[in-house]
Amino acid sequence: MFTFSRRAEIIKPSATLTFNAYASSLKKAGRDIVLFTAGQPDYDPPRLLLEAAKHAIDHEKHSYTAVLGDKTLRERIASYLTKYNLTYKESEIAVSSGVKLALANTFLVLIDHGDEVIYPRIAWGTYIDMITLCGGKAVACELNEQFKMTPQEMRKTITPRTKAIIINSPSNPTGAVYTKHELIEIAKLAVEYNLSVVSDEIYSETVYGHGHISIASLEEEVPGIRDMTCTINGASKSLAIPGWRLGYTAAPENVIQKLDAIQGADASNAPSIVQFGLSEVLKDEHKVALEAYFEEKRQLLQSRRDMLVAGLQEIEYEGKPAFDVSIPEGAFYLWVNSAHLKNPRYGATSIDIRDRLLNEAGIAVTEGSAFGDDDYVRFSFATDQKDIEKGLQKLKTYLNTAVSV
Ligand code: PLP
C-alpha cells in the first residue's frame, strides 16, 4: 500500500490532454467526430528536418549530449533568436525536452516555498501546476477586455512574496498578443519591483498581421529587463514536432548554470536525434527556407481562423448569436464565449456544454474552465479546412434543431 506525497494528491492529470485523448479515441473507434481540441499542428514538419533527424540516426548520434544541449545547436538557437532582436550567447541557452520541461526547470531555479508568481487569469492551466509543484503560489491577475494583463491590475496582485511574472504572448487559449507598448509597461513594473519574468513564447511564429515582440528585447526602452527575463520557446508548434520534445530557455548565464544543475538531476539532455535535426535546420544557409515554411503555415492558419470565426458568428441559438467570438491575433485557438448556452438544455458549466457537443453534435471542444473561465470554450483551428466546414455544419444543424426544455 502506497501513501502518496501531498504534491501527488494535489496535481490532477491535464484536463486538456485527457479530454483530447478521450475524444480522439472515440473518433478512432469509428464515431463521426470533428476534433477542435488539438493543441498541435496537423501539418507536416519541414522535409529538411525529417531528413536531418534520419541522418543523425544513420550517423549514430546516439550518445548523451551535454546536459544543456549540443554546443552548435545552442549557438544556432542564439542566432535564430536575433530575429526577435534578442542577443543571447551560446552560454545563455539551455535546451530541454520540450517547453514544458524548460518552464518547469526554470521555475525550480527561481521559485522557493511560499513565493508568489503572477499569471494571467485566463491561461494554460499547466502554469499553476508547475508553480504548485515548486511549493509556490500562483496568483491570478485580472485581464482587460483583450485578455491582457495591465500594470494597473498587476500592481493589485504584488505582495512582498511576489517573485516572478508569467507572460504568454501569443496566449493559449485567448490568442492575445501584447503590443510593444504594453510589454514596455510590464517590463517597467518588473524592474520597479525586481520581479523575474518568465516569458513563454512558444507561439512566436504564429502571430497574424505583425511580428512577434519579445519582452527581453526591450532593454533600450527599459534598462535591466533583459537580465530579469527567461525567454522560453521551442519547436513543438513552430516546426510541428510536439512529440519530439524540444524546448529551450534563453537567460543570463547564472540562470543557465543553475538550469544545468537542475536538469542534470531531473532529465539530462533533450533527445540527441532531435537536437541534431534541429541544428541542421537552423543553419544560416537554411534561413530563407525556414522563414518560408513559417510564413506558409501562418497563412494557412490565418485562413482557417477566418473561416472558423465567420462560421461561428453566423450560428444562432434561440434567435441570438450562439457564441461571442473574439478574433485571436496569434496562436491557433479561438476563445469563444458560450455563456448563452449555459441553460437547462446544455447544462450549467463549460464541461456540460463540452460533453453535450461531443455526445450529441459530434464536435470536440475544450472546456473554458480548464483555462480559468467557465463562460468559454476553446476551439483549436489546427484542423483542416474540410473538418472545419463539417464541424460548423454539424454545430449549426445541432443548435438549430436542439429543443429547449
Ligand atoms: N506553453 C504553452 C502556452 C502551450 O500551449 C504548450 C502546449 O500546448 C506548451 C507550453 C508545451 O509545449 P511543449 O510541447 O514544447 O512542451
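Analyst: The largest pocket has a volume of about 750 Å³. Its lining comprises 35 residues, of which T16, L17, K100, W124 and T126 are the closest to its centre. A pocket here is an open set of points on a 1 Å grid over the protein atoms alone, with protein on both sides within 12 Å along at least five of seven lines, and lining residues have an atom within 4 Å of a point. Grid points are joined across faces, edges and corners, and a volume is the space filled by probe spheres set on the points.

The model is a predicted one: local features require pLDDT of at least 70, side-chain atom pairs count only at pLDDT 80 or more, and totals for chains, interfaces and linings use all residues. Residues are numbered from 1 along each chain as its sequence is written, and side-chain values use heavy atoms, with hydrogens and water left out.

Three helices, α2 (15-28), α5 and α6 (126-133), each supply at least two residues of the lining of the largest pocket. The largest share, five residues, comes from α6. Helices are DSSP runs of H or I with at least four residues, numbered from the N terminus. By class, the pocket lining holds 16 nonpolar, twelve polar and seven charged residues; Ala, Val, Leu, Ile, Met, Phe, Trp, Tyr, Cys and Pro count as nonpolar, Asp, Glu, Lys and Arg as charged, and the others, Gly among them, as polar.

A cavity is a set of grid points where a 1.4 Å probe fits but cannot get out, and four cavities of 30 Å³ or more are counted. The largest cavity has a volume of about 80 Å³. Among the residues lining the largest cavity are Y80, G234, A235, L278 and F294, and the lining consists of nine nonpolar, two polar and no charged residues. The second largest cavity, with a volume of about 70 Å³, has a lining that includes Y43, E205, K237, F294 and R298. That lining divides into four nonpolar, two polar and four charged residues.

Helix α5, one of the contributors to the pocket lining, spans residues 99-110, and its axis comes within 9 Å of that of helix α9 (residues 253-266), with a crossing of roughly 110°. Axes are lines fitted to C-alpha atoms, for helices over the stretch in contact, and angles run from 0 to 180 degrees between N-to-C directions. Helices α5 and α9 are therefore roughly perpendicular to each other, the class for angles of 65 to 115 degrees. Contact, meaning heavy atoms within 4.5 Å, is made by L101, N105, T106, L108 and V109 of α5 and by V255, K258, L259, I262, Q263 and D266 of α9. This contact has six nonpolar, three polar and two charged residues.

A further pair is α4 (residues 71-80) and α10 (residues 272-281), which pack at an angle of about 45° with axes 9 Å apart. Helices α4 and α10 are therefore oblique to each other, a class for angles that are not under 35 degrees (roughly parallel), over 145 (roughly antiparallel) or 65 to 115 (roughly perpendicular). Their contact is formed by T72, L73 and R76 of α4 and Q275, L278, S279 and E280 of α10. By class, two of these contact residues are nonpolar, three polar and two charged. Residue L278 of this contact also belongs to the lining of the largest cavity.
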